[in-house]
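I opened the model today to go through its sheet, a helix pair and the charged contacts. My notes follow in the order I looked things up.

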Amino acid sequence: MSSHMSVAIRSATESETFDLAGNSASTIETTIRSAFSEPLELQDMIRITFVTGAGKLARQRYDEEAARMLTSTLRDLGYAEDRGASCVKECAGSFKLQHDTGKNLKTVVVFPFIKGSLEEDMGDLTLKEKKGPSILKEGSPQALLAMSSMNTFERMISVKCPSWSQKKACLGVMEEIKGIVQSLDEKVLKGSPLTDSEQEFYDACDLTSLEKKETFIKNAMHKHVEDGQITSLEKKRLLDQVTDKLQSLHEEIKDATENSKPKKLQKLQAQLQKITERQTTLNNIHQPCPPYPLKHQPEIEKLRKELHPLLQLEKETKGRLLSIKETAAMTRKHEIEEEIIQLENDSRGWFEGDEEFQHRVEASRLQAKSKANAAVKKKPVVRAGGGGSIGGGGKKSITNWVVPGAANRNVRGGGAGAKKSSSSTSKTNAFAAMMMDSDSDSD
């Protein structure tokens, strides 16, 4: 099914919609990679819309990870989220998440990379060949990091890559950028001319500045570990790396010892000491820091506060038909849940992996659940019936008045009166009769 859909996507000549109902997360990944790994053979921009979720009645037809897997795969292919994107060539390589409230459908709209370009539309092919494609997408995190001054770079790393994991991923990006610069160096040494885009990038980005930026990131990562500013997930990952490295070193030391290689053995033992110290440092971090809060955490908390009474209403109305007002409330509940998911997705940081991002999202949800439970516990408990005060232990006395002819009625609050013996009842009736006779005589 995935191969048919990817073929249909690549064959599209006008805007189309594809329903991902019944597709697993792995199938969606395969489909998206197959469909968008290469630019579509088109001259004009089209819109490819994927339905990734629906309302309550059809929600079970869609994989819970459909939207996340789709957008994650697109990011891997060089696509960027742009909530203001439209069906024009300037928005090629972007996507946005939408909610069709009329049809109650969740969608991801993709504006694919296409073969056509503005230069071709204007017939200026010579200019295109001379300028060439941009080395790094303008405005992308990679371009900002590569082109920025050192002072700006340091501020960006502090704000945009606050965690150890993000700095680690950023370091890998800087290595890739260095590789591009080195390849341009080789091209220049061979006497090959650079395109305008390559020359512009080459002039603005040199190896010396990139190496300084790499050193800054490495020092910042080291400080994270030294200060214990890593999450439990990062600590586990680092300890796993250290354990693997120690195992490898022990095997190399054993080999060097058996084959009488003293210089190599000395070098390996120095590495072993360094790695062992790192393992000790990690083990001494007894309280890892909590995950960094989501970018849109305040907005999410506000929506969750609005959502809480609606969840309670859903429990209370389960199993029965809803009134018009209750139906409207449930519709709002679904909208809030989708808004929260959208804000969570928009909170992903630069170079943040799926596992790290999901760890932050789960921490945010757990915090919200704890606050909700604490709020429930603070509410006073009101006991029904008996008229007794809470924690008082005693019962409020109730005065019962008996009037002629009312002896057989249940007096309000007088449960004991309903249990009187038949003899007591007959005496009351006799007394009432005497009173009636007395009244008759007086007349």
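The model is a predicted one. I noted two bridges between β3 and β4 (residues 94-100), and the two strands run parallel. Next I checked what lies on the sheet here: helix α14 (residues 324-346) packs on it and touches β3, β4 and β5 (105-111). The direction of α14 makes about 165° with that of β4.

I followed β4 to β5 and found seven bridges, with the strands antiparallel. For a reference pair I wrote down K96, which stands opposite V109 in β5.

In what order do the strands of the open sheet lie? I read the order as β1-β2-β5-β4-β3, five strands with mixed pairing. I then looked at the edges, which are β1 (16-19) and β3 (80-81). Each of these has a single partner strand, so one side of each lacks a neighbour in the sheet.

Entry 4, the β1 end. I found β1 paired with β2 (residues 48-54) in the parallel sense over four bridges. E16 stands opposite I48 in β2. I traced the chain from β1 through α2 to β2 and recorded a right-handed β-α-β crossover.

For α2 (residues 25-36) and α3 (residues 66-76) I have an angle of about 30° and axes 9 Å apart. The crossing is right-handed. I listed the residues that meet: A25, I28, E29, I32, R33 and F36 from α2, against A66, M69, L70, T73, L74 and D76 from α3. Sorted by class, this contact has eight nonpolar, one polar and three charged residues.

How many salt bridges does the structure hold? I have 23 on record. I picked one of them, K187 with E198, where the closest N and O atoms are 2.9 Å apart. K187 sits in helix α8 (residues 164-189) and E198 in helix α9 (residues 196-204), and the two are 11 residues apart. I filed this pair as a link between distant parts of the chain.

Terms used
Residues are numbered from 1 along each chain as its sequence is written. This is a predicted model: local features need pLDDT of at least 70, side-chain atom pairs count only at pLDDT 80 or more; totals for chains, interfaces and linings use all residues. Side-chain values use heavy atoms; hydrogens and water are left out. Axes are lines fitted to C-alpha atoms, for helices over the stretch in contact, and angles run from 0 to 180 degrees between N-to-C directions. A crossing is left-handed if the near helix is turned anticlockwise from the far one by less than a right angle, and right-handed if clockwise. Contact means heavy atoms within 4.5 Å. Ala, Val, Leu, Ile, Met, Phe, Trp, Tyr, Cys and Pro count as nonpolar, Asp, Glu, Lys and Arg as charged, and the others, Gly among them, as polar. Two strands pair if DSSP finds at least two bridges between them. A crossover is right-handed if, with the strands pointing away from the viewer, the path from the first strand over the helix to the second runs clockwise. A salt bridge is a side-chain nitrogen of Lys or Arg within 4 Å of a carboxyl oxygen of Asp or Glu.
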